Amino acid sequence: MEHIGSRNAALNAVPDKLVLYRDRGGFPIVETAWVCLENQTENPVNHEALSDQLPDGIVLEPFQESHLPSMFEYDLALMGYERRKALELNCKEFGSKTLVALKDGKCVGFGTIKRSCTNWGQVGPLYADDPAVAEVLLRRLIDSHTEVKGFAMMTCSSNAAANEFIKKIGCPTTEENPRLYRKEKLEVDKNKVFAQFHLSFSPY
């Protein structure tokens, strides 16, 4: 909190700690339109239930350094603030796989899967302009980490398409976490947020 200073901040509260964070922790603004959904299982998921058909004109490519400028532009337009270093480190993290969706050479979505310390495939971020693109991204990300056993992904309750994907692959929703803010809500187009950047350490 000393590092944050007077800046805005957000957190996902476990349900039984909401009052503590709201009334004593300095996060008085509670999001009422949606909640963060923790979807996780220690078992393999059925990624083959997802579509592998991309819309016309869309290509998926494994992450390369040359994709970063277009990804930075996409991320900034969606989030409203710059996080170049976090995005670059995410794509280059050991054991992670990132796929980039391109149309006419421009980024229209991207996603990352990582192996957790419990040997689960953890998806996040997963952003796309089109749910059809997000679905193929998710399928191919999971398929790239078939050696893992479990699965985890944080969705927004208001993104119906994302939560339908979770049902298709057979992953249960294990917890609903309310979103709280220090000063004001951070509004983004949650229809483009299919998996939040991280289960714990990002606002979207």
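Which residues touch the most other members of the largest nonpolar core? Select V123, L126, L138, F151, M153 and I169: these touch the most other members of that core, which has 28 residues. A nonpolar core here is a set of buried Ala, Val, Leu, Ile, Met, Phe, Trp, Tyr and Cys residues joined through side-chain atoms within 4.5 Å. Buried means under 20% relative accessible area, with a 1.4 Å probe and protein chains only.

This is a predicted model: local features need pLDDT of at least 70, side-chain atom pairs count only at pLDDT 80 or more, and totals for chains, interfaces and linings use all residues. Residues are numbered from 1 along each chain as its sequence is written, and side-chain values use heavy atoms, without hydrogens or water.

The largest share, seven residues, comes from α4. Helices (H or I, at least four residues) and strands (E, at least two) are DSSP runs, numbered from the N terminus.

Zoom in on V123. Leaving out residues up to four places away in sequence, V123 touches T112, I113, L138, L141, F151, A152, M153, A195 and Q196. Contact means heavy atoms within 4.5 Å.

Now move to a second, separate core of 26 residues. Select L87, C91, V100 and L199, which are among its members.

Finish with the cysteines. The whole structure has zero disulfides (pairs of cysteine sulfur atoms within 2.5 Å). C107 is buried, at 4% relative accessibility. C171 is in no disulfide either, and its nearest cysteine sulfur, that of C36, is 15 Å away. C171 is also buried, at 6%.

How values were computed. Buried means under 20% relative accessible area, exposed over 50%, partly exposed in between (1.4 Å probe, protein chains only).
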